[in-house]
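Hi everyone, thanks for coming. Let me put the structure up, and then we can walk through it together.

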Amino acid sequence: RATALDVDPFPLGLLRENAEDAGVIDRVEIHESDARSATHRADVIVVFNFSIGYFHTRGALLAYLRAARARVESGGVLLCDLYGGVDQFERGESELELRDGTRYIWEQRDADPLTARVVNAMHFVLASGESIHDAFVYDWRLWAPAELADAMLEAGFASVEFYDRLGDAELD
């Protein structure tokens with residue numbers, strides 16, 4: 001079973017459609033709500049797409065982590081993905097050609113190493129030539145691994161581990 005929480009109804013609608021198409025909608029509970037107000041228990045809580053960065057202050061981050069810790073079952077885990085590295089505050093664009101001829105463009109529009117805030121945007125150029133500029137725009141705080149680890153321990157997690165690769169994952 002899975003439970004999905006998001007404050008944005010759009011991705012929840014896509015999830016609902018995909019779960020229905022896959023025939024698993026009866027195993028998915030969908031809530032339009034803030035994860036900090038959730039009360040159900042979970043074995044695994046996943047914070048993907050760098051969304052831990054939506055918490056721009058340490059206080060907001062700690063509030064989220066404490067709420068998540070209160071919901072994780074004994075022996076459970078919280079998984080977050082981050083991005084970083086030596087160029088994490090460099091502005092610029094990178095492109096990727098997708099299988100169907102669509103070009104995906106990731107833009108780091110603004111970056112401030114003093115505040116650790118970045119603004120990123122995703123653009124697409126479809127095989128037909130149509131462009132979708134600013135398909136998604138994100139205003140994130142890039143939490144350094146050490147900062148996140150300190151906050152997780154303070155929130156009550158017993159330990160923190162970091163992995164710098166996704167195993168055998170490949171970006172197609």
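Let's start in the sheet: in E7, Arg-117 is the bridge partner of Asp-112. Before I go on, a word on where this comes from: this is a predicted model, where local features need pLDDT of at least 70, side-chain atom pairs count only at pLDDT 80 or more, and totals for chains, interfaces and linings use all residues. Residues are numbered from 1 along each chain as its sequence is written, and side-chain values use heavy atoms, with hydrogens and water left out.

When I say helix (H or I, at least four residues) or strand (E, at least two), I mean a DSSP run, numbered from the N terminus. Two strands pair if DSSP finds at least two bridges between them.

Back to that sheet. E6 (residues 103-112) and E7 (residues 117-125) run antiparallel and are joined by 9 bridges. Their hairpin has 4 residues between the strands, and there Ala-116 takes a positive phi near 65°. On to E5 and E6: these run antiparallel too, with 6 bridges joining them. Gly-92 sits opposite Gln-108 in E6, and Glu-97 sits opposite Arg-103 in E6. This hairpin has 5 residues between the strands, with Gly-101 at a positive phi near 90°.

Put together, we have an open sheet of 4 strands in the order E5-E6-E7-E8, paired antiparallel. E5 (92-97) and E8 are the edge strands, each pairing on one side only. On average, neighbouring strands here are turned by 20° against each other, direction ignored; the axes behind that angle are lines fitted to C-alpha atoms, for helices over the stretch in contact, and angles run from 0 to 180 degrees between N-to-C directions.

Now let's zoom out. The protein chain has 3 helices and 8 strands, running β-α-β-β-α-β-β-β-β-β-α from the N terminus on. Its C-alpha atoms fill a box of roughly 50 × 45 × 30 Å along the principal axes.

Next, helix H1, residues 9-22. Just after H1, Gly-23 has a positive phi of about 75°.

On a 1 Å grid over the protein atoms alone, a cavity is a set of points where a 1.4 Å probe fits but cannot get out; a pocket is an open set with protein on both sides within 12 Å along at least five of seven lines; and lining residues have an atom within 4 Å of a point.

The second largest pocket has a volume of about 1400 Å³. It is lined by 35 residues, and closest to its centre are Leu-5, Asp-6, Val-7, Val-46 and Ser-51. Elements supplying at least two lining residues each include H1, strand E1 (2-6) and helix H2 (58-71).

And how many cavities of 30 Å³ or more are there? The count is 1. The largest cavity holds about 70 Å³ of space, and its lining includes Phe-50, Trp-140 and Trp-143. Thanks, and I'm happy to take questions!

How values were computed
Points joined across faces, edges and corners; volume = space filled by probe spheres on them.
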